[in-house]
Amino acid sequence: MLPLLHMGETMTDDWRVENAQHLSGSVMVLRTWTEQVPGWDHSHCVACDGKISDNGSDDREGYTTGEIAPGQRDLQWVCAECFHELADALHWVERQ
Ligand SMILES: [Zn+2]
């Protein structure tokens, strides 16, 4: 029989780190969400998939690399909670 899975914090962090792996080592800038692509009224945190937008109870700001990557239409967003919790694991540096 398989051991019971405990949904602890380590596990939570693991999947978020995996989701945001492509941003590892990035310099990130905190900014207020604004519409980047006409008609796209929200963005998702690349780590936890949480919504970042200017409406409802969504996060109003998040961290981005500051530029839209080739082949992408929107900025890559990371919510503040993920940024602070995963910064060590993903070697994120906040640009002041
Ligand atoms: Zn997040």
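Strand β1 (residues 27-32) runs parallel to strand β6 (residues 93-94), to which two bridges join it; strands here are DSSP runs of E of at least two residues, helices are runs of H or I of at least four, and both are numbered from the N terminus. Two strands are taken as paired if DSSP finds at least two bridges between them. The model is a predicted one, in which local features need pLDDT of at least 70 and side-chain atom pairs count only at pLDDT 80 or more, whereas totals for chains, interfaces and linings use all residues. Residues are numbered from 1 along each chain as its sequence is written.

With strand β4 (residues 61-64), β1 runs antiparallel and is joined by four bridges; in β4, Tyr63 is the bridge partner of Leu30, and Gly62 is that of Arg31.

The four strands form an open sheet of mixed pairing, in the order β5-β4-β1-β6. Because β5 (77-79) and β6 stand at the edges with a single partner strand each, one side of each is left without a neighbour in the sheet. Helix α2 (residues 80-90) packs on this sheet and touches β1, β4 and β5, its direction making about 85 degrees with that of β5; contact requires C-beta atoms, placed from the backbone, within 7 Å, and angles run from 0 to 180 degrees between N-to-C directions of axes fitted to C-alpha atoms, for helices over the stretch in contact.

Val27, which lies in β1, touches Val93 and Arg95, residues up to four places away in sequence not being counted. The C-alpha atoms of Val27 and Arg95 are 6.1 Å apart, although the two are 68 residues apart in sequence.

Key:
Contact = placed C-beta atoms within 7 Å.
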